[in-house]
Amino acid sequence: MRFEWPDDLEPVWTPKVPELAIAANAVSVLMPHAEPYVVACTKAALDEGLIEDPDLTQDATAYLTQEAQHHGQHRKLNDLLIARYPHLARADRAAAWVFGRLRSRSTRFGLAFAAGFETIAFVAARWVDRHQRLLRDGEPVPTTLFLWHLAEEVEHKRVAFDVYQASGGGRLRYAWAMTIAALVLSLGSLLGTITMLRAERRLFSPVAWSRLVGWSLSFIFVALPVMVISALPGHHPDQLVDPAGLQHWLDHLDPETSTVPEWALP
Ligand SMILES: [Fe+2]
Ligand SMILES: [Fe+2]
């Protein structure tokens, strides 16, 4: 994928609901640390011969390629954000430290983390699909980045779970690692959000916090049932119904130019 990032990108790229862009930017800061971690763990599973099924090997390789593309694009956005909000470099360093610590854990924990992380990414796609109206005034490039990324999260929703299962992983470790993933993602996002709210002089805005708390609660309402169900014996990510609106991005990918049409209000 190629995105043309303007040097003068407006970091608050949803002007009618500034907190949405700020929260999404905060998630973006985590991606060049979280995604390389799940890539490294999946690559380790391939290298250690934990996956015997050739189809799954192929899917896992495609998954690695997608994730590498995602965090490469988020890095470009994050560099623009850090140039605009220098204090955001602290959140970036904190994420690097946390994922550096996680790398010292076993491959099996890493695979459980990847599977849990992917479940959370799937519910993020479902949440955004239901709240696409919030993006109605979004700047095209960052909006397209997030929707394209989430569409691919839906597309590969089962791969990390299958890799984890093929490595002999159980549900308890999955549930534990998913909880760690949820904590890391939520605390990391909060740190980045506070940093950008302060820079935008919105840290003490009741409107900003009422929106952020409302979205967080609605996200938990979407995420928690899926997270619990996904940890139950017999459940597989294929049983999760895909959000319909995001398929558009995969259908319109142009392999010649590696681009998708820029986002526009349907
Ligand atoms: Fe991703
Ligand atoms: Fe993913």
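This is a predicted model: local features need pLDDT of at least 70, side-chain atom pairs count only at pLDDT 80 or more; totals for chains, interfaces and linings use all residues.
Residues are numbered from 1 along each chain as its sequence is written, chains are lettered from A and ligands numbered from 1 in the order in which they are written, and side-chain values use heavy atoms, with hydrogens and water left out.

Now for the overall build. The protein chain has nine helices and zero strands (helices are DSSP runs of H or I with at least four residues, strands are runs of E with at least two, and both are numbered from the N terminus). Its C-alpha atoms fill a box of roughly 50 × 40 × 30 Å along the principal axes. A compact globule of 266 residues would have a radius of gyration near 18 Å, and the protein chain agrees with its 18 Å (taken over C-alpha atoms, with a globule rule of 2.2 Å times the number of residues to the power 0.38). Of those 266 residues, 54% count as buried (under 20% relative accessible area; exposed is over 50% and partly exposed is in between, with a 1.4 Å probe and protein chains only). Look at contacts (heavy atoms within 4.5 Å) between residues at least 6 apart in sequence: 83% of them join residues at least 24 apart.

Next, zoom in on the metal. The iron ion (ligand 1) is held by Glu35 (OE), Glu67 (OE), His70 (ND1), His149 (NE2) and Glu153 (OE), at 1.9 to 2.3 Å. Donors here are N, O and S atoms within 2.8 Å of the metal (3.2 Å for Na, K and Ca), and water is not among the atoms, so sites may look incomplete. Along the chain, the donors follow the spacing E-x31-E-x2-H-x78-H-x3-E. The iron ion (ligand 1) sits 3.6 Å from the iron ion (ligand 2), and glutamate 67 coordinates both. Glutamate 35 is in helix H1 (residues 18-47) and glutamate 67 in helix H2 (residues 54-84), so the pair ties together parts 32 residues apart in sequence. Glutamate 35 is buried, at 0% relative accessibility, and glutamate 67 is buried with 0% too.

Helix H1 deserves a walk of its own. Its 30 residues reach 44 Å from first C-alpha to last, close to the 44 Å expected at 1.5 Å a residue (the expected span is 1.5 Å times one less than the number of residues). At methionine 31, H1 bends by about 45°, and proline 32 follows within four residues; the bend is the angle between axes fitted to the seven residues ending there and the seven starting there. H1 is largely enclosed by the rest of the structure, because 24 of its 30 residues are buried. After H1 comes glycine 49, with a positive phi near 70°.

Leucine 134 lies in the loop between helix H4 (107-130) and helix H5 (140-155), yet leucine 134 counts as buried at 7% relative accessibility. Setting aside neighbours within four places in sequence, leucine 134 is in contact with Thr14, Val17, Leu20, Trp127 and Trp215. Threonine 119 lies in helix H4 and is buried at 9%.
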